Amino acid sequence: MFYSNALKTMAGAATIAAGLLTSSLARAETNVIIGYQQIVGPFIAAIADGRFDAAAKEAGYLVDWRQFSSGGDISTALASGNVPIGVIGSTGTTAAATRGVDLELFWILDNIGKSEALVAREGSGIEKPEDLVGRSVGVPFVSTSHFHLLVGLEQVWKVDPREVNILNMKPPQIVAAWQRGDIDAAYVWPPALSELLKSGKVISDSEAIGAASVPTFDGLVVDKKWAAENPKFMAAFTKVLAEAYADYKANGASWTADSAPVQNIVKLIGGDGAGTVEALNLLSFPTAQEQASETWLGGGAVRALTESAKFLADQKQIDKALDDYAPYVNSAYAKEASK
C-alpha cells in the first residue's frame with residue numbers, strides 16, 4: 001500500500017510537472033512582437049508605464065516591444081510575418097496594403113493635425129495659400145506633408161500645383177534653404193518646423209486641410225490572420241488603448257515636462273520633457289468612441305487611404321490603387337473597447 005501510494009504520488013507529481021512544462025511551452029508560444037516608432041502620445045506612455053504588459057500577461061501573452069526607425073521597416077516586418085502588430089502612418093499603411101500585406105488598421109494613434117504645417121517666410125509677401133502661385137515651396141516628397149500640400153492646393157484652395165515651384169527637400173535641407181532665402185515657404189514637421197517658425201508664420205496646417213478633405217494620421221495595424229486567431233489579446237490590447245486615450249483627454253493638461261507620463265515617454269523614445277510636451281500639443285488623440293465614428297475607422301480612414309493611394313500612384317510609388325480599401329480598416333475593436 002505504501003509503495004502504491006508513493007507511486008501514485010510520484011505519478012501525480014510527474015503529471016503536475018508535465019502540466020507546468022506544457023503551460024510554459026504554451027506561454028512561450030503566445031509571445032507577440034509589437035513594433036513602435038518615436039511618436040509621442042498615450043500609446044507610448046502606456047508602453048512605458050507597463051499597462052500593456054500587465055494586460056497582456058493577464059490574457060496569457062508576453063509582449064516583446066521593438067522600436068523601429070520608420071514605418072517602412074515595420075511594413076517589411078509585417079510582410080515577413082515577424083511582427084504582427086506595428087505603427088505605420090496613413091500613407092505607409094496605404095502602400096503596404098496596396099502591395100499585398102494582409103493587414104488591418106484598427107486604431108488611430110494620432111491625427112497629425114498641427115504637427116505638420118505650411119509656413120511662409122517673413123517678408124515673402126505670402127499671406128494665404130493662394131499667394132503660393134509662382135513661389136518656391138520646399139517639402140519632402142512622398143511624405144504626409146507632400147500629400148497634404150497637394151491636396152490643399154488642388155482640393156481646398158483650388159490652386160494648380162503646376163503654378164507653384166514645389167521642391168523636393170529633406171527637412172534639414174529645407175531649413176538651410178530657408179535660411180539662405182532660396183525658398184519662400186515650406187510644408188514640414190518638427191524639429192524643422194520649429195526652426196522655420198522663428199522667422200515665419202503658419203499659413204495652413206494638416207488639421208485644417210484634413211478637416212476640409214481627408215486627414216493624415218499615424219495608426220496601429222495588425223496582421224489580419226493573427227488578429228483573428230488571437231481575439232483575447234486584441235480585446236485586452238485595445239482596452240488599454242481606450243483607457244490610455246480617455247485618461248489623456250481627461251488629464252492631458254497635467255502632462256507637463258516634469259510629469260511622470262512625459263518623463264516615461266522620454267525614457268522610452270528619447271528627447272526631453274519640454275520638446276515632448278510641445279509635440280503632444282501639436283497632435284490630437286481620438287478617444288475610443290471617436291475612433292469608431294464615421295470620422296475615423298467608421299469611414300474617414302478608408303477615404304484617407306483611398307486618397308493616399310491616388311497620391312502614391314501619381315508619385316509612381318505604387319503601380320495602381322486598389323479598388324477598395326475598406327477591407328483594410330476594422331472598427332470592431334475600437335467599438336468594443338469603447339463600451
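Me: In which sense do strand β5 and strand β8 pair?
Reply: In this predicted model, local features need pLDDT of at least 70 and side-chain atom pairs count only at pLDDT 80 or more, while totals for chains, interfaces and linings use all residues. Strands (E, at least two residues) and helices (H or I, at least four) are DSSP runs, numbered from the N terminus, and two strands pair if DSSP finds at least two bridges between them. Residues 117-121 of β5 and 185-188 of β8 share four bridges, with A117 opposite V188. Their sense is antiparallel.

Me: How is helix α6 set against helix α15?
Reply: Axes are lines fitted to C-alpha atoms over the stretch in contact, with angles from 0 to 180 degrees between N-to-C directions. The two axes come within 11 Å and cross at roughly 100°. Angles of 65 to 115 degrees count as roughly perpendicular, under 35 as roughly parallel, over 145 as roughly antiparallel and the rest as oblique. That makes α6, relative to α15, roughly perpendicular.

Me: Which residues of α15 make the contact with α6?
Reply: Contact means heavy atoms within 4.5 Å. From α6, the contact is made by H146, F147, L150 and Q155. From α15 come E307, S308 and F311.

Technical notes. Residues numbered from 1 in each chain as written. Heavy atoms only, no water.
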